Amino acid sequence: MSDPSELRADCANCFGLCCVALAFSKSTDFAIDKAVGDPCPNLQQDFRCGIHDKLRPQGFQGCTVYDCFGAGQKISQVTFAGHNWRETPDGARQMFAALPVMRQFHELLWYLSQALTRPAARPVHRQVRAELEKIERLTLGDVDTLLGLDVAAYRAEVNTLLLRTSELVRAEVPGKKKDRRGADLFGARLKGADLRGADLRGAYLIAADLSGADLRLADVIGADFRDTNLAGADLTDCLFLTQTQVNAARGDAATLLPDGLDRPSHWSDAASAPAAPARKDAPRKGSSARRAGASGRKGPGRSGTRNK
């Protein structure tokens, strides 16, 4: 896509779709039960959240994790040409059904766009670009066409390219890389671990301690980062990391993120973890290091870590 911002949530140009279209259950993530199609009681008439600055204290932690990859504004402003679900109640059901479909396609666009920033993946760039353009065209179709698409088939096609991209990029890290694909690392103690170039696709890292760990050039597509301690960790050039994964984790002022991802506002402003041990440098092509101390913004593996 020509403008990367189109793959980032823009709530100002969305009709609060995630606050209506998606269901959630009362839990540690949500203070109430809500069914598909029922507006969240915190949603105001202007489609803004009435407790946006107090979501976590009010029991809506899940809302601070969710990111639609820009699907919300695409449906609101392109698919339905600026007509909201209150104005067109007959089309509301289609609008709500389209959100999770569009989100999956935008997630694929995010991964493909990331693959194109990797010089080491140049051998597959032509195929990646062709796939990106094809999926982008699909997202511009009418809602009936969108809802009739076989999302799983497109995810499989894209995954083949992403796997090859991962192999090419991670080959930049010398030596044998750790293969923890799909591993159950729930609560694992990996403080200061050298995970450069590791395969962590689909790994369960829930509540794991990765403070001070080196995750440069690690493939984390679909990895579950809920409550993962990333204090002082280096995720520079991490492969296929998403804002949803970052939002789900716990970091601090010393956590390093790739360009294009923001430090969540609920992360600690202090550097709570000691410095990681000295380590050999890995190539940093395609993305420069950035200390995650700037102000945050809201916003194929396992698609996200939760359903809002």
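Me: In this predicted model, what makes Phe15 buried?
Reply: The relative accessible area of Phe15 is 11%. Buried means under 20%, so Phe15 is buried. The value for Phe47 is 14%, and therefore Phe47 is buried as well.

Me: Why is the pair of Phe105 and Tyr154 called edge-to-face?
Reply: The ring centres lie 5.7 Å apart, and a pair requires centres within 6.5 Å. The planes stand at 70°; because an angle over 60 degrees counts as edge-to-face, the pair receives that name.

Me: Why is this pair said to tie together parts of the chain?
Reply: Phe105 belongs to helix 3 and Tyr154 to helix 6, so the pair joins parts 49 residues apart in sequence. Both residues are buried.

Me: What makes the pair of Phe15 and Phe47 tilted?
Reply: The centres are 5.3 Å apart, with 55° between the planes. Stacked requires under 30 degrees and edge-to-face over 60, so the rest count as tilted; the pair of Phe15 and Phe47 is accordingly tilted. Phe15 and Phe47 also form one aromatic cluster with Trp85 and Phe96.

Me: How do you know that Lys34 lies over the face of Phe24?
Reply: Lys34 is at 5.7 Å from the ring centre of Phe24, and the distance cut-off is within 6 Å. Lys34 is found over the face of the ring.

Me: Which residues have the most contacts inside the largest nonpolar core?
Reply: They are Trp85 and Phe105, in a core of 83 residues. Helix 3 gives the most to this core, with 14 residues.

How values were computed
Residues numbered from 1 in each chain as written. Predicted model: local features only at pLDDT ≥ 70, side-chain atom pairs only at ≥ 80, totals over all residues. Heavy atoms only, no water. Core = buried A, V, L, I, M, F, W, Y, C linked by side-chain atoms within 4.5 Å. Buried < 20%, exposed > 50% of the residue type's maximum accessible area, 1.4 Å probe, protein only. Helix = DSSP H or I, 4+ residues; strand = E, 2+ residues; numbered from the N terminus. Phe/Tyr/Trp six-rings, centres within 6.5 Å; stacked < 30°, edge-to-face > 60°. Lys NZ or Arg CZ within 6 Å of the ring centre and 35° of its normal.
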